[in-house]
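This briefing covers one protein chain, topic by topic. The sequence and the model are shown below.

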Amino acid sequence: MLDFSKDYILENDTVRLSPLQKKHVKELSVQSNDPDIWTYLLEKGRSFEQLEVYVSQALENRKVSKEYPFIVYDKIQGRSAGTTRLYDYSEQLKIIKLGHTWYGKDFRGTTVNKNSKYLLLEFIFENLEVERVGFGVHEENQVSLSALKSLGCIEEGVLRNFIPSLDGTGRTDIVLLSILKSEWMHSIKPELRKKLNIKA
């Protein structure tokens with residue numbers, strides 16, 4: 001089961017994921033001052049003050065076992081790259097969601113995201129023994145949609161008119177995707193290991 005009080009460290013030769021803390025605001029603020037990060041996110045964290053609120057809310061959600069936020073550190077560049085988190089966990093149903101992921105511009109297009117996802121999915125399916133991980137993406141966020149599909153996620157539906165539109169004049173859809181444990185073990189994990197050159 002996912003123990004929200006435990007400090008999990010997930011790492012390989014490229015990235016390290018550790019529990020998000022208040023002290024990380026300063027180093028993350030170097031990356032968060034980028035409007036492209038926040039275009040499709042409901043939360044905002046571009047300014048230092050906004051980022052403080054963003055991190056504080058994530059930490060409060062961890063306290064009530066709602067979310068488990070990580071900071072992502074790029075070992076190659078020697079800098080913090082961004083954040084990601086696990087949420088909507090059900091031990092009974094063996095399901096979880098993965099999202100709220102963002103990276104600074106210097107880390108987008110690198111292997112940081114795939115390495116992070118590899119570690120998280122390995123943790124989710126093989127340590128927590130979850131059967132399904134879900135993802136939700138703004139319908140206009142084609143970069144994130146393409147990244148998830150290249151990872152092996154299966155698009156499975158749409159939440160219609162789920163959130164306010166970007167220009168505030170209407171509503172917009174959220175695209176739902178998922179990975180099942182069987183898909184991870186039989187195809188996605190081996191393929192990711194090849195892409196990332198991870199030895200057995």
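**Aromatic pairs and cluster**

Tyr118 counts as buried because its relative accessibility is 3%; buried means under 20% relative accessible area, exposed over 50% and partly exposed in between, with a 1.4 Å probe and protein chains only. The model is predicted, so local features need pLDDT of at least 70 and side-chain atom pairs count only at pLDDT 80 or more, while totals for chains, interfaces and linings use all residues. Residues are numbered from 1 along each chain as its sequence is written, and side-chain values use heavy atoms, with hydrogens and water left out.

- Trp184 is also buried, at 0% relative accessibility.
- Nine aromatic pairs are found in a search of the whole structure; rings of Phe, Tyr and Trp (its six-membered ring) pair if their centres lie within 6.5 Å, and planes under 30 degrees apart count as stacked, over 60 as edge-to-face and the rest as tilted.
- The pair of Tyr68 and Phe70 is tilted, because the ring centres are 4.9 Å apart and the planes are at 40°.
- Tyr68 has 0% relative accessibility and counts as buried; Phe70, at 0%, counts as buried too.
- Tyr118 and Trp184 make a tilted pair, because their ring centres are 5.6 Å apart and their planes are at 55°.
- Because Tyr118 lies in helix H4 and Trp184 in helix H6 (residues 181-196), this pair ties together parts that are 66 residues apart in sequence; helices (H or I, at least four residues) and strands (E, at least two) are DSSP runs, numbered from the N terminus.
- One aromatic cluster is formed by Phe4, Tyr8, Tyr68, Phe70 and Phe123.

**Helix H6**

- The buried residues of H6 are Trp184, Ile188, Lys189, Leu192, Arg193 and Leu196.
- These buried residues pack against H4, helix H5 (142-151) and S8.
- H6 has a kink of about 45° at Ile188, shortly before the proline Pro190; the bend at a residue is the angle between axes fitted to the seven residues ending there and the seven starting there.
- Asn197 follows H6 and has a positive phi, near 60°.

**The sheet**

- Eight strands form an open sheet in the order S1-S2-S3-S4-S5-S6-S8-S7, with mixed pairing; two strands pair if DSSP finds at least two bridges between them.
- At the edges are strand S1 (10-11) and strand S7 (154-164), each of which pairs on one side only.
- Helix H4 (residues 112-127) packs on the sheet and touches S1, strand S2 (15-19), strand S3 (67-74), strand S4 (79-90), strand S5 (95-103), S6 and S8; contact means heavy atoms within 4.5 Å.
- The direction of H4 makes about 160° with that of S5; axes are lines fitted to C-alpha atoms, for helices over the stretch in contact, and angles run from 0 to 180 degrees between N-to-C directions.
- Strand S6 (residues 132-138) and strand S8 (residues 171-180) are antiparallel and share seven bridges.
- Val137 stands opposite Val175 in S8, and Arg132 has Leu180 of S8 as its bridge partner.
- S7 and S8 also run antiparallel, joined by seven bridges, and Gly157 has Leu176 of S8 as its bridge partner.
- S8 is mostly covered, with seven of its 10 residues buried.

- The largest nonpolar core has 40 residues, of which Leu2, Leu86, Ile96, Val133 and Ile179 touch the most other members; a nonpolar core is a set of buried Ala, Val, Leu, Ile, Met, Phe, Trp, Tyr and Cys residues joined through side-chain atoms within 4.5 Å.
- H4 gives the most to this core, with eight residues.
- A second, separate core of 13 residues includes Leu20, Ile37, Val55 and Ile71.
- Leaving aside neighbours within four places in sequence, the contacts of Val133 include Ile96, Leu121, Phe125 and Ile179.
- His138 is in strand S6 and, at 4% relative accessibility, counts as buried.
- Not counting residues up to four places away in sequence, His138 touches Tyr40, Leu145, Ile163, Leu166, Thr172, Asp173 and Ile174.

**Positive phi**

- Most residues other than glycine have a negative phi.
- Ser65, not a glycine, has a positive phi of about 60°; Ser65 is in the loop between helix H3 (48-63) and S3 and is partly exposed at 43% relative accessibility.
- Asn161, also not a glycine, has a positive phi of about 50°; Asn161 is in strand S7 and is partly exposed at 47% relative accessibility.
- Gly168 takes a positive phi near 75° in the hairpin of S7 and S8, which has six residues between the strands.
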